[in-house]
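Please study the sequence and the structure before reading each solution.

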Amino acid sequence: MHDVDNRISEASHFNSSIPNWLFNFSSLAYLDLNSNNLQGSVPAGFGYFISLEYMDLFFNSFIEVQVRRTLGRLCNLRILELSFNCTSGERTEFADGLSECINGSSLESLDLGFNYKFGGFLPDSLGQLKSLKSLHLSSNSFVGSIPNSIGNLTSLQELYVSENQMNGIIPESVGQLSAMVVLDLSDNPWVGVVTESHFSNLTNLTELVLGKSGNMNCKGLVNFDLGNNRLSGNLPSWIGEMQSLFILSLRSNFFDGNIPMEICSLSHLHILDLAQNNLSGSLPCLLNLRGMATEISEEQYEGKLTVVMKGRALTYLNTLYLVNSIDLSDNNLSGELPRLRNLSRLDNLNLSINHLTGNIPDDIGSLSQLESLDLSRNQFSGPIPPRMVSLTFLSHLNLSYNRLSSKIPTSNQFQTFNEPSIYRNNLALCGEPLAMKCRGDGEATDSSGVDNEDHEDEHEDEFELKWFYVSMELGFVVGFWGVFGPLVINRSWRGAYFRFLDKMKNRVMVVSAVNVAWLRPKCRWESH
């Protein structure tokens, strides 16, 4: 009877109201009545199961659950599942009851989702449920704002408030929930301003859903940084509404699909970092990012951000307002590189590890402030634009693993790029610092000191030697099959050939035997 006293599961299969005899089990710790056909209301006696740790009334659509203050006094309750019912009652009394627990509430998971009659304002006492890890309030009739006390739930990992009538604000205290993994605020008519403080400490976030979120004013948002998380799905088009955005960093996530064209309207953007995702399609209209051509003062923006530039991660603090960077590396982007001439203050451009094709546009030479350029591991073709020699601030360059051709420029900054690895695996590229010399460089010498004419003679000798080996192999193949081919095909020739071999063998054996017989007596005579 001890096991029965402590555990009643869904195997009971009730199909009427909850029986009164159930309350005889005063030490009940586990109650699972999900997916039954319970009817009527939940008796107030549930509040006296003081040992109850698990309670599941999921999917009893004919039962009316009154959330009372007495139910909130179940201080040992860890999991409460009331979704898909006709739950109603006063949310404040329930949360207040849990907050009266002497040692605090033990509640870790609370699911009140899909109870369309359950509504009203979320109580401020919700912030007293300090042990809460999962809170499901989706598909109800809640209104107003998320209480500011939500920031006290430091263990909260999942918060679902989607599909309600939440017409208030999202408090900045949401940004304090550092353990948050999933945050779904979608399908609500939110109002108010969203700032970087809303996302400041959401370092473990893997899923953020804000779609169809009413009139949230993101126009004052300056820094939208959700990098180094595990977020997935398509990039939302509503990013384009953040017209004051200086920084958009979503690097190192699992976003896929195309880069939305709405990003092109972010005219104040100075840092665009979408690296290390699964984005595909062509590059958007980077020409419209006019913020990359304007200067901002220290007074307009202060902040801290790590930017991958010049092949390493650099953390900017007091000088972040001076950085203008576009990093779309390590994605699956394709197509040609669009025009870049308007990005006059851009100092970092990283498009490496994609599938970009076509020529490097000549107007890249107009990026007079460019310090770091990485176009490696793409499929760019054609020559290195001659105008790139005007990039006098350029100190980091990587064009390796492309299909570039022609001669490497040698003037201005290109005189300092003497590391062959930055041009590696461009088979048609020639000139210093590569060992392969260009035609017409009569005075040029390679690293061994051999002039270009001698170098060409060596190539001619190598060419003739290769043809010698090829002709020798062809001669062997033709000769071999010229002899043995007919023997394989013609049976009579094959018989005649083997009879000829037998005769030759017999003749050789006879000649050998005669010679041996002739030499034997002679050897005996000489021995005497």
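**Exercise 1.** Determine which residues are linked into a cluster by ring pairs.

*Solution.* Ring pairs link Phe 58, Phe 84 and Phe 114 into a cluster. Rings of Phe, Tyr and Trp (its six-membered ring) pair if their centres lie within 6.5 Å; planes under 30 degrees apart count as stacked, over 60 as edge-to-face and the rest as tilted. The model is predicted: local features need pLDDT of at least 70, side-chain atom pairs count only at pLDDT 80 or more, and totals for chains, interfaces and linings use all residues. Residues are numbered from 1 along each chain as its sequence is written, and side-chain values use heavy atoms, with hydrogens and water left out.

**Exercise 2.** Describe the aromatic pair formed by Tyr 30 and Tyr 54.

*Solution.* A search of the whole structure finds four aromatic pairs. One of them joins Tyr 30 and Tyr 54, which are stacked at 4.4 Å centre to centre with 5 degrees between the planes. Tyr 30 lies in strand S2 (residues 30-32) and Tyr 54 in strand S4 (residues 54-56), so the pair ties together parts that are 24 residues apart in sequence. Strands (E, at least two residues) are DSSP runs, numbered from the N terminus. Tyr 54 counts as buried, at 18% relative accessibility; buried means under 20% relative accessible area, exposed over 50%, and partly exposed in between (1.4 Å probe, protein chains only).

**Exercise 3.** State where Arg 251 lies and which polar contacts its side chain makes.

*Solution.* First, locate the residue: Arg 251 lies in the loop between strand S18 (247-249) and strand S19 (254-258). Next, consider its accessibility: Arg 251 is buried, with a relative accessible area of 9%. Finally, examine the polar contacts (pairs of N or O atoms within 3.5 Å; within protein, one must be able to donate a hydrogen and the other to accept it, and residues adjacent in sequence count only if both atoms are side-chain atoms). The side chain of Arg 251 makes one with the side chain of Asp 273 at 2.9 Å, and another, of 3.3 Å, with that of Asp 327.

**Exercise 4.** Identify the residues that stand opposite Thr 357 in the paired strands.

*Solution.* Two strands pair if DSSP finds at least two bridges between them. Strand S25 (residues 332-336) pairs in the parallel sense with strand S27 (residues 355-359) over three bridges, and Glu 336 stands opposite Thr 357. Three bridges also join S27 to strand S29 (residues 379-383), again running parallel. In S29, Gln 379 is the bridge partner of Thr 357.

Key
Helices (H or I, at least four residues) and strands (E, at least two) are DSSP runs, numbered from the N terminus.
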